[in-house]
Amino acid sequence: MLLFAINNSSFAKNTGSGYILCEKYENKTDEMLNQFLTDKIKQSNLGDEKNSAGQAMIILLIDKDGKILDYKPVQSVSPKADKEALRLAKTLKKFEPATYNGKKVRGRKLITIRFGSAK
């Protein structure tokens with residue numbers, strides 16, 4: 001069994017790059033998003049790397065309408081786990097857009113996907 005988690009606590013509200021953190025995915029909390037993606041993990045995609053442990057981190061660039069414009073891997077686990085993490089990220093469709101001074105703006109969302117064997 002794989003462990004999987006979403007973690008945004010270390011991603012600052014102001015990223016320093018002109019982007020604001022997007023808070024929710026289709027009105028889901030991070031915990032709900034975690035469960036949504038956990039249900040989509042395909043262990044068969046990991047092949048001989050099923051026991052890989054670590055976390056893959058992906059930054060999503062979100063437009064002012066909530067659509068994902070880009071996926072940027074920022075931390076790696078293993079080639080197959082990274083490919084599975086990117087596949088999972090690409091299943092996401094629309095986020096609640098970031099806001100700045102009451103206006104919808106482009107934003108970012110950091111998702112952290114933890115892989116490892118459950119004991």
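Select E84 to begin: this residue sits in helix α2, where helices (H or I, at least four residues) and strands (E, at least two) are DSSP runs numbered from the N terminus. The model is predicted, so local features need pLDDT of at least 70 and side-chain atom pairs count only at pLDDT 80 or more, while totals for chains, interfaces and linings use all residues. Residues are numbered from 1 along each chain as its sequence is written, and side-chain values use heavy atoms, with hydrogens and water left out.

**Stop 1**

Is E84 buried or exposed? E84 counts as buried, at 1% relative accessibility. Here buried means under 20% relative accessible area, exposed means over 50%, and partly exposed is in between (1.4 Å probe, protein chains only). Now show the side chain of R87: a polar contact of 2.9 Å joins it to the side chain of E84. A polar contact is a pair of N or O atoms within 3.5 Å; within protein, one must be able to donate a hydrogen and the other to accept it, and residues adjacent in sequence count only if both atoms are side-chain atoms. Leaving out residues up to four places away in sequence, E84 touches K40, I41, K42, N45, L46 and F115, where contact means heavy atoms within 4.5 Å.

**Stop 2**

Next, select A81, E84, A85, L88 and A89, which are buried in α2. Look down the axis of α2: its buried residues fall within an arc of 140 degrees, so they line one face of the helix. The arc is that of the directions from the helix axis to the C-beta atoms. An α-helix has 3.6 residues a turn, so residues three or four places apart point the same way. Then colour P79 and K83, exposed residues on the face of α2 turned away from its buried side.

**Stop 1: the core**

Which residues have the most contacts inside the largest nonpolar core? They are L60, L92, F95, I111 and F115, in a core of 19 residues. At least two core residues come from each of α1 (30-38), β2, α2 (79-89) and β6. A nonpolar core is a set of buried Ala, Val, Leu, Ile, Met, Phe, Trp, Tyr and Cys residues joined through side-chain atoms within 4.5 Å.

**Stop 2**

Select residues 107-115, strand β6: seven of its nine residues are buried, so β6 is largely enclosed by the rest of the structure.

In β6, click on T112. T112 is buried, with a relative accessible area of 0%. Its C-alpha atom is separated by 9.9 Å from that of P73, 39 residues apart along the chain.

Then move to M57 in strand β2. M57 is buried too, with a relative accessible area of 14%. Among the residues that M57 touches are P73, L110, I111 and T112, not counting residues up to four places away in sequence.

**Last stop: the whole chain**

Zoom out to find two helices and six strands, in the order β-α-β-β-α-β-β-β along the sequence. Of the 119 residues in the protein chain, 40% are buried.
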